[in-house]
Amino acid sequence: MPNLAFAGLLDGGWRDLAFEPFRDGIGVHWLLKGGPVEPSVAILKYRPGAGVPRHRHVGLETIVVLEGTQSDENGDYPAGSVILNPVGTEHSVWTKDGCVVLIQWDLPVIILERRNE
């Protein structure tokens, strides 16, 4: 399989992508959709007030905030931030005003709390 390349994403090229529903208030564009034991990479577009309930990372999760601010129990992460969530860490995620992130999961997360979705 050849490498996958996505020109211009960091410069706003993600705005031209088609998004599908992912979670309540969050759209997804899959760059690489893995399976239950494979990595995935996506662009997530959060509407204002959207969030993900508390979850545990069973593989490394890497996030690059492309626009807006994403928050969790550890702080607020404005555009340009890189967040690494190692194996075994837990958090919930939200955004007050909306945000767009590039996210990579080594393995799918385990949702610990359910919210109305």
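Reader: Is Glu 73 buried, partly exposed or exposed?

Author: Relative accessible area decides this, with buried meaning under 20% and exposed meaning over 50%. In this predicted model, Glu 73 has a relative accessible area of 44%, so the residue is partly exposed.

Reader: Which residue forms a salt bridge with Glu 73?

Author: A salt bridge needs a side-chain nitrogen of Lys or Arg within 4 Å of a carboxyl oxygen of Asp or Glu. Glu 73 meets that test with Arg 54, where the closest N and O atoms are 3.5 Å apart. The pair links distant parts of the chain, 19 residues apart: Glu 73 sits in the loop between strand 5 and strand 6 (75-78), and Arg 54 in strand 4. Arg 54 is also partly exposed, at a relative accessible area of 26%.

Reader: What does Arg 54 do with Glu 90?

Author: Arg 54 forms a salt bridge with Glu 90 as well, and here the closest N and O atoms are 3.4 Å apart. Because Arg 54 lies in strand 4 and Glu 90 in strand 8, this pair ties together parts that are 36 residues apart in sequence. Glu 90 counts as partly exposed, at 31% relative accessibility. Bridges that share partners can be read as a network, and Arg 54, Arg 56, Glu 73 and Glu 90 are joined into one in this way.

Reader: How many salt bridges does a search of the whole structure find?

Author: The search finds 4. One of them joins the side chains of Glu 67 and Arg 15, at 2.4 Å from N to O. Glu 67 belongs to strand 5 and Arg 15 to the segment before strand 1, 52 residues apart, so this pair too links distant parts of the chain. Glu 67 is partly exposed, at 33% relative accessibility.

Reader: Why is strand 3 described as largely enclosed by the rest of the structure?

Author: The count of buried residues gives the reason: strand 3 (residues 40-46) has 7 residues and 5 of them are buried, so the strand is largely enclosed.

Reader: Which residues form a nonpolar patch on the surface?

Author: Leu 4, Phe 6 and Leu 32 form the patch, and together they have about 260 Å² of accessible area. Leu 32 is placed in strand 2 (residues 26-32). Patch members need over 30% relative accessible area. Leu 32 has 35% and is partly exposed.

Reader: What is the volume of the largest pocket, and what lies closest to its centre?

Author: A pocket is an open set of grid points, whereas a cavity is one from which the probe cannot get out. The largest pocket has a volume of about 370 Å³. It is lined by 23 residues, of which Phe 22, Glu 61, Trp 105, Pro 108 and Val 109 are the closest to its centre. Among the strands that each supply at least two lining residues are strand 1 (20-23), strand 4 (51-56) and strand 9.

Reader: How many cavities of 30 Å³ or more are found?

Author: The search finds 1. The largest cavity has a volume of about 30 Å³, and its lining includes Ile 63, Tyr 77 and His 91. Strand 5 gives the most to this lining, with 4 residues.

Methods. Residues are numbered from 1 along each chain as its sequence is written. This is a predicted model: local features need pLDDT of at least 70, side-chain atom pairs count only at pLDDT 80 or more; totals for chains, interfaces and linings use all residues. Side-chain values use heavy atoms; hydrogens and water are left out. Patches are made of residues with over 30% relative accessible area and no salt bridge: like charges are joined within 9 Å, nonpolar side chains (Val, Leu, Ile, Met, Phe, Trp, Tyr) within 5 Å. Accessible areas come from the Shrake-Rupley method with a 1.4 Å probe; for residues, only the protein chains shown count as cover. Buried means under 20% relative accessible area, exposed over 50%, partly exposed in between (1.4 Å probe, protein chains only). On a 1 Å grid over the protein atoms alone, a cavity is a set of points where a 1.4 Å probe fits but cannot get out, and a pocket is an open set with protein on both sides within 12 Å along at least five of seven lines; lining residues have an atom within 4 Å of a point. Grid points are joined across faces, edges and corners, and a volume is the space filled by probe spheres set on the points.
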